[in-house]
Amino acid sequence: MARYSVLPALSMALFPALSLAVLPDVGRAAETFTLSLDRDRAFPPAALVSTENPSSSAILRHEVSASLDPEKGRIRATDRIFILHAPNTPADEPVPVMLWKDLELVDVHSDGADVGFEEPERFRAKSFWKRPPYAELGGYEVVRQIDLVRKDAGAGAVWADTTVVTMTYEGAIVDSLHPPKAAYARSFDTTSGLILPEGAFLAYSSFWIPSRPSEVFTFDLTVTTPSEWRTVSQGRMAKDVAQGPSRVMRWDCPHPMEEIYLVAGPYEENHLRHGDVMAQTFTYADTDSSIYNRYLRGTGAYLDLYEEKIGPYPFAKFALVENFWQSGFGMPSFTLLGNRVIRLPFILDTSYGHEILHNWWGNGVFVDRTEGNWCEGLTTYGADYFYEERKGEEEAMRYRLTALQNYRDYVSEAEDIPLASFRERHDFTTQAVGYSKSMMVIHQLRRAVGDTSFDHGLQRFYRDHLWKAATWSQLFQSVADAAKADGSPSIDPAVWRSQWIDRSGAPVLRMENVQVEGGPGHRQVRFDLVQEPMDGGSPYALLVPVRILGADDHQVDREVAVSAARTPVSVPCGFEPEIAAVDPDFQVLRRLHREEIPTRLSQVLGADSVAIVIADGLDGSVTAACEELAAEWAKGQRAGIFHERDLQLPTGEGTGDVGFWFLGRGPAADRAVAESRLPREVGGSGGTNSVVLTGSLAGFPWGLIDGASADDVAALGSKVPHYGKYSFLVFEEGAVQDKGVWPAGDSPLRTRFGAHQ
């Protein structure tokens, strides 16, 4: 198949007739669907396999046969495991694996050796890592360690190069859903794993297969469930057969994976062929065809978009899978979205494309975390930002401003981390670094080499690193090589890594000594462009836009290369200048000045510490709802809870690190609203509408939640963190009726001349 011709590490024999070729182009899957896969086994590329670990071994492949009992929350599984050993590994060296603590090991045997098992009294991290990452071992408390041992090993015996061990085990896996660690973080509930009558979710964190860290493998998974259920995993659906009260499904994944997902539930499957790829949906019976058909067609549109921009889609399918709890997870070749999430009208045009793009970035090209996680920024840029850019430059500018403001509001200088240290999002701060700041690094890269070379660089990066782990440095190198080949301005990857990845912070820019010289018709604007890096280190190398504006839409734009702490800038113009502005469209990754950004809810959401103030004189049920919301929001935060009568509002000047939440509108909130001089009145308070406002009082950011009822207060508490980019919101019966952003003040990077000051 031509689409897989870019996979040098996998034999073409692994891809005979396309796995779903026997299905009709559109329709519901037949009750009986079996595809014969007459092929050799697939194993990971050698470059991804390492025996540099305490046991000198690596798992290459899992062949799993499992059955689920949703009513009892139980699983029974047999896993045929292909293990590689380093040459001359002593036979008395055990092969440790991890298994969920409540799973009972029924049998262990090997085809060619007498292999059994031992169970240490406790989990020993040094059995798996030469240098255990103890700070990152949260979640391993659900693990039991199993050591596979040779029982027939004599003196001087060694393991064979490869050993096939079969393990059978059974038991219950039920970990309840957990809310986000921070109550007003924008995350979904999570679980290590569960098997319930509503559905099943098993992943690496479930340790439902014999697992080892930092390894990749291929797999074949066959699952038996009740007949009304279907399962979903990575790879291609190779079998779907209803057998009386049971259903048997098989998933074949010849691509290297870090874990095996098993998602199951009372699903109906629908599909639409798109070229060589099968778009699929697994949804509940009450999900209307208009919903899943939109996603089927949307999948095809995104595949076309990204195949043209990057290269061939690396999997045989992409599936939308509906979830019974609210989630937004992206897995290789499918996404698991909550049943309410998929019904949101904007998801298909935003988040859905983001998850599809992850199959190129993160699931196709893996992340080598030694330099941090590059794929979240690259995916955000190629999806969320790109969709806004297609709407127009104004929308793109607003997205960049929002990204920079997120970085300004949610990341204090004390909390900032270099991108080399970012692994994954777990709160506002890590999201602002790993997504917003990272996205702006990608934008700098594109500006440095130009659109064409940037696209060619991403194509080269994908082609050269598919099914391999890649770093920021390799991404920069691919773009640099493409720029050189195109004859475009190039970059030094080492400088880019040092400047944007290994350093925390960003530059702060300002204008000094601004003046206009020359006579009419040949004016010249001169100023010093000063940069002060947040970390106090050496100046950044930047490409900074400068704009001079005059009457009658006269405009001059320049790109100024900056690499010193102070750079003289001179911009000639053939008109009388009225305004000089530095980076007016927010093209540069930098630390924004407070004066140049509008007041938004993100400023109080991102405050280092908050005082939560409950208004006096509220209805009793509303007061109780406010107290409950305050207690929930205080979890995981540096927060104090006060009743209005016990709090004295500050009179000094704040720095933005401390914020206030007013729950209910009392005298304290009225004072904040009055002294903040908000640009407009937001109506509805006291009626059937609920209002959310934000402002700044003596340098302290504040937010107000004025709920019309106790139920509204509780509902707004869960909604507000998702609206951080707005200054005000008006809700009626839980739906947003009005929202907006206050205008920004005068920017320190904008100077008006003469009569226009």
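**Exercise 1. Determine how the span of helix α1 compares with the expected span, and which of its residues are buried.**

Solution. In this predicted model, helix α1 covers residues 289-309, which amounts to 21 residues. From its first C-alpha to its last, α1 reaches 30 Å. The expected span is 1.5 Å times one less than the number of residues. For α1 the expectation is 30 Å, and the span is close to that value.

The next step concerns burial, for which the relative accessible area must be under 20%. Among the buried residues of α1 are Ile291, Tyr292, Tyr295, Leu296 and Gly298. The list also includes Thr299, Gly300, Tyr302, Leu303, Leu305 and Tyr306. One of these residues, tyrosine 295, has arginine 294 over its face, at 6.0 Å from the ring centre. Just after α1, glycine 311 takes a positive phi of about 155°.

**Exercise 2. Describe the open sheet that contains β5, β8 and β7.**

Solution. Begin with the order: the three strands run β5-β8-β7, and their pairing is antiparallel. Next, identify the edges, which are β5 (95-100) and β7 (115-118), since each pairs on one side only. The twist from one strand to the next averages 35°.

Now consider one pairing in detail. Strand β5 pairs with β8 (residues 143-150) over six bridges, in the antiparallel sense. Leucine 99 stands opposite arginine 144 in β8. In general, strands of a sheet pair through backbone hydrogen bonds.

**Exercise 3. Classify the aromatic pair of phenylalanine 324 and tryptophan 325, then that of tryptophan 361 and tyrosine 462.**

Solution. A pair of aromatic rings is described by the distance of the centres and the angle of the planes. Centres must lie within 6.5 Å, and planes over 60 degrees apart count as edge-to-face. The count for the model comes to 44 aromatic pairs. For phenylalanine 324 and tryptophan 325, the values are 5.4 Å centre to centre and 75° between the planes, and the pair is edge-to-face. Phenylalanine 324 is partly exposed, at a relative accessible area of 23%, whereas tryptophan 325 is buried, at 5%.

For tryptophan 361 and tyrosine 462, the centres are 6.0 Å apart and the planes stand at 90°, so this pair is edge-to-face. Tryptophan 361 lies in the loop between α2 (351-357) and β22 (366-367), and tyrosine 462 lies in helix α6 (residues 451-465); the pair therefore ties together parts that are 101 residues apart in sequence. Both tryptophan 361 and tyrosine 462 are buried.

**Exercise 4. Which residues form one aromatic cluster with Phe123?**

Solution. Phe123 forms one aromatic cluster with Phe128, Trp129, Tyr140, Tyr204 and Phe207.

Note on methods: Residues numbered from 1 in each chain as written. Predicted model: local features only at pLDDT ≥ 70, side-chain atom pairs only at ≥ 80, totals over all residues. Heavy atoms only, no water. Pairing = 2+ DSSP bridges. Helix = DSSP H or I, 4+ residues; strand = E, 2+ residues; numbered from the N terminus. Axes fitted to C-alpha atoms, helices over the stretch in contact; angles between N-to-C directions. Buried < 20%, exposed > 50% of the residue type's maximum accessible area, 1.4 Å probe, protein only. Phe/Tyr/Trp six-rings, centres within 6.5 Å; stacked < 30°, edge-to-face > 60°. Lys NZ or Arg CZ within 6 Å of the ring centre and 35° of its normal.
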